[in-house]
Amino acid sequence: MKKIMLLSFTMLAMVTVSVAQNTTETSATKAIATQDGAKIEFETETIDYGTIENNSDGNREFHFTNTGNTPLVITNAKGSCGCTVPTVPKGAIAPGESAVIGVKYATNRTGAFNKSITITSNAVNAPTKVINIKGTVNPPATATATVEK
């Protein structure tokens with residue numbers, strides 16, 4: 001009889017702990033989902049330039065939306081090197097509004113590239129967000145001499 005009571009008590013304790021853990025996880029999930037503040041959501045976090053010609057247009061745009069309930073303010077944007085230059089919107093982006101972060105890559109550099117841009121903002125879901133560009137720049141075209149016969 002003692003074994004049955006001990007087994008029953010053990011089972012009850014396990015069920016109680018399991019229910020308590022599930023309740024805690026659910027509460028934490030709800031807190032994140034309903035957290036007040038600005039939220040930044042990008043259409044894409046990586047732009048692939050593909051294979052492009054040397055000295056071609058290196059400008060691209062990352063589109064994003066403030067999905068939060070307070071204005072979004074981007075305080076800094078920094079490329080991983082001097083060849084990657086970001087531009088950010090001036091002022092706050094209101095809840096529900098969309099904007100763009102421009103990036104210019106120096107396409108006079110031959111070969112494959114994979115660069116990052118680090119965005120700092122007041123977004124509660126991503127106060128520091130890294131977005132990326134990648135691609136390959138062909139070598140410069142060489143002039144071919146024509147030989148007359």
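Phenylalanine 42 sits opposite phenylalanine 64 of β3. That pair belongs with the contact between strand β1 (residues 40-42) and strand β3 (residues 59-66), which run antiparallel and are joined by 3 bridges. Strands here are DSSP runs of E with at least two residues, numbered from the N terminus, and two of them count as paired if DSSP finds at least two bridges between them.

Before going on, a word on what you're looking at: this is a predicted model, where local features need pLDDT of at least 70, side-chain atom pairs count only at pLDDT 80 or more, and totals for chains, interfaces and linings use all residues. Residues are numbered from 1 along each chain as its sequence is written, and side-chain values use heavy atoms, with hydrogens and water left out.

Back to β3: it also runs antiparallel to strand β6 (residues 98-105), and 7 bridges join the two. Here arginine 60 stands opposite valine 103 in β6.

## The open sheet

Now look for an open sheet of 4 strands, in the order β2-β8-β7-β4 and with mixed pairing. Its edge strands are β2 (46-52) and β4 (74-79), each of which pairs on one side only. From one strand to the next, the twist averages 15° (axes are lines fitted to C-alpha atoms, and angles run from 0 to 180 degrees between N-to-C directions).

How do β2 and strand β8 pair, and over how many bridges? They go in the parallel sense, over 5 bridges, with β8 covering residues 128-137. Isoleucine 47 has isoleucine 133 in β8 as its bridge partner. As a general point, side chains in a regular strand alternate between the two faces of the sheet.

## An asparagine in a loop

Follow the chain from β2 towards β3 and you'll find asparagine 55 in the loop between them. Asparagine 55 isn't a glycine, yet it has a positive phi of about 65°. Most residues other than glycine have a negative phi. Asparagine 55 counts as exposed, at 58% relative accessibility. The cut-offs: buried is under 20% relative accessible area, exposed is over 50%, and partly exposed is in between (1.4 Å probe, protein chains only).

## The disulfide

A disulfide is taken as a pair of cysteine sulfur atoms within 2.5 Å, and by this rule the count comes to 1. Cysteine 81 and cysteine 83 form it, with their sulfur atoms 2.3 Å apart. The link is left-handed, with -40° about the S-S bond.

Are these cysteines buried or exposed? Cysteine 81 is partly exposed, at 25% relative accessible area, whereas cysteine 83 is buried, at 3% relative accessibility.
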